There are 2 protein chains.
Amino acid sequence: MSRIRNKKQALILSAACEEFAKQGYAGTKIADIAAKIELPKANIYYYFKSKEILYRHVLESFIQPLLMATQPFDQYDHPAAALTDFIKLKIEISKNHPNASKVFANEILHGAPHLPPDIIEKLIQQTCLASAKLQQWIDKELMDDIDPLHLLFMLWASTQTYADFSWQIKLHLKSDEMQAQDFEVATDTLIKIVLKGCGISTQMAE
Amino acid sequence: MSRIRNKKQALILSAACEEFAKQGYAGTKIADIAAKIELPKANIYYYFKSKEILYRHVLESFIQPLLMATQPFDQYDHPAAALTDFIKLKIEISKNHPNASKVFANEILHGAPHLPPDIIEKLIQQTCLASAKLQQWIDKELMDDIDPLHLLFMLWASTQTYADFSWQIKLHLKSDEMQAQDFEVATDTLIKIVLKGCGISTQMAE
DNA sequence: GTCTATACTAGGATAGAC
DNA sequence: GTCTATCCTAGTATAGAC
């Protein structure tokens, strides 16, 4: 297991991620990936047995960041801190992993045909924990009586949209690339609406 | 232009919409569409000159509902009524046109490679009108000073998610199909968060 | 350990039979 | 106006040369 092997695998994975994000699974050709990093097509098959396996690697590389994002729900005992950090983290992910996010979105959009069952299980668990925590806060009257799952759906959608539908975002912001400032405004706007909208006091001690 | 022709075209379009939604553009084979409606493969080519043209028809069939959804911004002079109706309309679209919505989402996800320029132009115009109206309401202090574009991004994302990422929604709601009641809860939750979150009074006359 | 040549199949599209 | 047979390109994958 040479260092060259690891390096080339990483290179292929990175190119594959970009291509799968741009074209989708079916739309991506191994030749496209090979061309992008100036490698012979057959070389890809030398490092990854099949297109399917290469795709799975790309897909799974996004799971860790995704699961990490729910940490604030464990970490904090107040919805203000938890939701603020969760939104920040999720928009950071959209900013830093736009391609992996698109690959994942594409996967979900088509009914998750390539997503391994153990990952699905983990996602369900994380969601249960987060929604249970929200329900606790509702019971303690730290926030309004909002359906926790639908709140989560809203948060996922509004944060991921900055990666997944960036074409549309850029179109309306009239810029070729989203700037750091755009992400800041997105984050601040969302935090503001969500906290106030859920009746969450930003004073930690009441 | 026989009635039979129109009927068959409609049948093909409907099957194509489902397939394109499920598999994406590249992932859909003409044979799949043909098989679904028990028509010989070549027959599809008799009614639609190419896969590309068939896809464009599916895509464009969704533009009208999409543009209609912004009507509340023209129709009402108060953000409470406009945003309430807008959210209702958008979630209705997710409920009634889940497949077309997915096809459109897929298109945007991949940078809109098949979306005709005149449609892009129309979408920009609608967005400008809606965000201008929001800005007016902000200036009149009918709502908080929220960035209008980012508010729109949030609204699009959180309403479309019920069509585009329905796999995920169903997974967490633990049901095979979303029920009418789920859409109602989604609508009510979102309206509640957005109106309160934007500081919009639900009393029309203040 | 890396690249070339090539096998094999799928799928878009068409020509022409009926 | 509808279906069959077929062409042809493109794309996954492999066997084997170097």
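In the predicted model, the contact between the two chains draws 55 residues from chain A and 55 residues from chain B. The size of an interface is often given as the accessible area lost when the parts come together. For chain A and chain B this buried area is about 4700 Å², of which 72% lies on carbon and sulfur atoms.

Polar interactions also occur across this interface. Eight residue pairs are in polar contact between chain A and chain B, both residues of each pair being at pLDDT 80 or more. Several helices of chain A take part: H1, H8 (98-109), H9 (117-139), H10 (148-164), H11 (166-173) and H12 (180-197) each supply at least two residues of the side that touches chain B. The most comes from H10(A), which gives 11 residues to that side. By residue class, the side of chain A that touches chain B divides into 30 nonpolar, 15 polar and 10 charged residues. The interface of chain A and chain B also holds two salt bridges. A salt bridge joins the side chains of A:Lys196 and B:Asp144, with a distance of 2.5 Å from N to O.

The domain assignment divides chain A into domain 1 (3-58) and domain 2 (63-197). Ten residues, written 10 in the count, come from domain 1 of chain A and eight residues from domain 2 of chain A where the two are in contact. The C-alpha centres of domain 1 and domain 2 of chain A are 28 Å apart. Together, domain 1 and domain 2 of chain A bury about 760 Å², with 63% of this area on carbon and sulfur atoms. On the side of domain 1, A:Ala21, A:Tyr55 and A:Arg56 supply 53% of the area buried against domain 2 of chain A, more than any other three residues.

Between domain 1 and domain 2 of chain A the count of salt bridges is zero. Two residue pairs, both at pLDDT 80 or more, are in polar contact across the interface of these domains. On the side of domain 1 that touches domain 2 of chain A, the elements giving two or more residues are helix H1 (3-27) and helix H4 (51-61) of chain A. H1(A) provides the largest share of that side, six residues. The residues on the side of domain 1 that touches domain 2 of chain A comprise six nonpolar, one polar and three charged.

Notes: Residues are numbered from 1 along each chain as its sequence is written. Chains are lettered from A and ligands numbered from 1 in the order in which they are written. This is a predicted model: local features need pLDDT of at least 70, side-chain atom pairs count only at pLDDT 80 or more; totals for chains, interfaces and linings use all residues. Side-chain values use heavy atoms; hydrogens and water are left out. Domain bounds come from an automatic or database domain assignment. Contact means heavy atoms within 4.5 Å. Buried area is the accessible area (1.4 Å probe) that two parts lose on being put together, summed over both. A salt bridge is a side-chain nitrogen of Lys or Arg within 4 Å of a carboxyl oxygen of Asp or Glu. A polar contact is a pair of N or O atoms within 3.5 Å; within protein, one must be able to donate a hydrogen and the other to accept it, and residues adjacent in sequence count only if both atoms are side-chain atoms. Helices (H or I, at least four residues) and strands (E, at least two) are DSSP runs, numbered from the N terminus. Ala, Val, Leu, Ile, Met, Phe, Trp, Tyr, Cys and Pro count as nonpolar, Asp, Glu, Lys and Arg as charged, and the others, Gly among them, as polar.
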